[in-house]
Amino acid sequence: MSQNYVEARQVSKRFGQHQVLNQIDLTLPAGMIYGLIGPSGAGKTTLIKNILGMEAVDGGTVQVMGVTMPNRPVMAKIGYMAQSDALYETLTGRENLTFFGQLMSVPKAKLQQMIAYTARLVNLTTQLDQRVSGYSGGMKRRLSLAIALIQDPPLLVLDEPTVGIDPELRQQIWAELNKLKATGKSMLVTTHVMDEAERCDYLMLIRHGVALAQGTPTELKRRYQVETIEQVFLKAGRLQDANNGNY
Amino acid sequence: MRTMAIIKRVLTQMIRDKRTLALMFLAPLLIMTLMYFLFQSNTTQVASLGTHNVDQQVLKNIRTRHVKVEKYATAAPAKTMIKRHDLDGYLTQKGSTLTVTYANSNPTNTSLIKAALQSGLVKLKMKSLVAVTKTQKRALTRQQAALAKVTQQRVQEKTARLKTAIAQAKASGDTATVTRLQQRLRQVTQPATPAKAQQPTKYTTTADYVYGDNNATFFENFLPVFLGFFVFFFVFLISGISLLNERTTGTLSRLLATPIRRGEIICGYLVGYGIFAVIQTVITVLFSTLVFHIQLVGSIWLVFLINLLLALVALTLGIFISTFANSEFQMIQFIPLIVVPQIFFAGLIPVAGMAPWLQVVAHVMPLYYGANALTDVMTKGASLSEISINLLILVGFMVALTILNIVGMKRYRKV
């Protein structure tokens, strides 16, 4: 597929007087891990919701798989992991996976395979038949990730996927995300963790609804003449504040 | 397929939640049992009436099994007496005037005393009338006897005269005159039938009942209303809170990040909770017919149908209302606003007797239509066509609310 998985042009969104997103451009081709970094309240989740079509843009356009969003059938091609774990606590892990698999219209035989595969991936195979109410925070996060993968989507939108997951499992998950990338899948990941940002192929620094900088981690570090992405972020933020002060 | 997934999930969640299941299925039985014993026993209400200086004859006639008469020797203002002895009324007599003061803290007791006083006074009047009539009757009988004596004497005289005339005629050989006189004689000696006094017609009553029998109690009247109310209340609460939970835990938003249609979510909810509403109806109806032997005049299937429709209205209403609540507690706050007023218009108080504006209010209450249809089917054996208007209005409520819900869900996803 030659087309870009996600193509956002000049996306703007406001809630009342508050400009949450200001003319954001985002292009996500196949086989890429795209990182959105920025402080909380920067507009990362709003951007994601615009891409998913849960919110309608006020300005600009969003296309996913070449289709203008919001569009309901395209949602089947997006694996979404929300910031908060939206799980049914009285159901078991397997029942949650089955439920969302059915909503995604995964055929019955394939669903069994996918449940086994995703559970193995997030290391939940043995706890799959326990109720979610007994899960730890990390287990719930992992189950949410498994649900995002249940229909084997070409595009994954992961909002803070590794919060509350221990470092060892985080390594495993990133290894798996890279494997998925190798099969041609793309991922849009938001994160706070700067060492995760380093693992992304491409980054967008977003602050106060504005895309401060975009580029590969190496490019960005070179551009701002710093050692880490964290320093890139701090420097770009100071520059933004300085510019705003000049107005 | 996606609707099926929602239905299956709703069912699994409900079955796992044992307390909610118990609330839905056992709580109505508990309330019904309580109501049965509260309304079934024909407890006699007794009002206490204090009296001072009232004629013994009057008291005798006022006393009924609903009014207990207490005589007080000491006089005090009525208000004081009522307060001191905790009376429902106080009666005094001055000459032929009776003065009664009601406590009126309990309107039922006030009307009991009123009725007893009225019937007591009527009885007294009747008795004096009867006494007067009896003396008149005696006088009349005496006069009649005297009259009868006089008449008899006259008949005897006439007979004697005729007999002598016949003897003379026979002697003279005038046969024609003999026959004529003999005829006269027969007429005269025929005993005069005395005019009978007309007896008053004695009326007796036999009562027949179109619906139910003379054992019909309040419980049987209230039962259809409560059957409808239970379903409405529990389904409203449970569906409202469960959709609220979906919203607050983020699962609704997560659901809408899948290609599911908004209508499929609502539909899944309708079917899933509708199943529990039907089970609840089956349990409550069977319980009332098998344990309490309530006679169900109409078709049991119509009862199920009405309750299912009521449940669907409650369900869509609960889902709709839940969008205005941010927590379970706020959802509970809607009960006195949305659910409790409905019970007043469900038939416990006859709607036809209400003020016109209240009747208008009644007609926007879903429970009014549901409970009316239930009452008609259960106690009058109404057929499907007789309750079809009520059912159509319920369907109308459901459709309108469903559309509102589907449109309202656009807030969480734009398509």
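At 35% relative accessibility, D152(A) counts as partly exposed, a class that lies between buried (under 20% relative accessible area) and exposed (over 50%), computed with a 1.4 Å probe on protein chains only. The model is predicted, so that local features need pLDDT of at least 70 and side-chain atom pairs count only at pLDDT 80 or more, whereas totals for chains, interfaces and linings use all residues. Residues are numbered from 1 along each chain as its sequence is written, chains are lettered from A and ligands numbered from 1 in the order in which they are written, and side-chain values use heavy atoms, with hydrogens and water left out.

D152(A) is located in the loop between α4 (137–149) and β7 (155–159) of chain A; helices (H or I, at least four residues) and strands (E, at least two) are DSSP runs, numbered from the N terminus. Its phi is near 55°, a positive value in a residue other than glycine. Most residues other than glycine have a negative phi, and most peptide bonds are trans. S105(A), likewise not a glycine, has a positive phi of about 60°. This serine occupies the loop between α2 (93–103) and α3 (108–121) of chain A and is partly exposed, with a relative accessible area of 41%. A cis peptide bond, with omega about 0°, joins M69(A) and P70(A), and P70(A) belongs to the loop between β5 (67–68) and β6 (78–81) of chain A.

K44(A), in helix α1 (residues 44–52) of chain A, counts as buried at 5% relative accessibility. A polar atom of the K44(A) side chain lies 2.7 Å from the backbone oxygen of G38(A); a polar contact is a pair of N or O atoms within 3.5 Å, where within protein one must be able to donate a hydrogen and the other to accept it, and residues adjacent in sequence count only if both atoms are side-chain atoms. Leaving aside residues up to four places away in sequence, K44(A) touches L36(A), I37(A), G38(A), P39(A), E160(A), T190(A), T191(A), H192(A) and I206(A), contact being defined by heavy atoms within 4.5 Å. R223(A), by comparison, is placed in helix α7 (residues 217–224) of chain A and counts as partly exposed at 46% relative accessibility. Beyond residues up to four places away in sequence, R223(A) touches A213(A), Q214(A) and G215(A), and a polar atom of its side chain lies 3.0 Å from the backbone oxygen of Q214(A).

Chain B is divided into domain 1 (2–39 + 220–411) and domain 2 (47–189), with bounds that come from an automatic or database domain assignment. Taken over C-alpha atoms, the centres of domain 1 and domain 2 of chain B are separated by 62 Å. In helix α5 (residues 78–85) of chain B, the buried residues are A78(B), M81(B) and I82(B). These residues cover an arc of only 95° around the axis, which puts them on the same side of α5(B); the arc is that of the directions from the helix axis to the C-beta atoms. The face turned away from the buried side of α5(B) carries the exposed residues K79(B), K83(B) and R84(B). Among the elements that cover the buried residues of α5(B) are β3 (89–94) and β4 (97–102) of chain B. Just after α5(B), D86(B) takes a positive phi of about 50°.

The largest nonpolar core has 138 residues, of which L158(A), L177(A), L205(A), I6(B), L255(B) and I265(B) touch the most other members. A nonpolar core is a set of buried Ala, Val, Leu, Ile, Met, Phe, Trp, Tyr and Cys residues joined through side-chain atoms within 4.5 Å. Helix α8 (residues 218–249) of chain B contributes the largest share of this core, 19 residues. A second, separate core of 32 residues includes V11(A), L28(A), I48(A) and M75(A).

Between the chains, 26 residues of chain B are in contact with 30 residues of chain A. Chain B and chain A bury about 2600 Å² between them, 64% of it on carbon and sulfur atoms; buried area is the accessible area (1.4 Å probe) that two parts lose on being put together, summed over both. R16(B), R254(B) and P259(B) supply 27% of the area that chain B buries against chain A, more than any other three residues.
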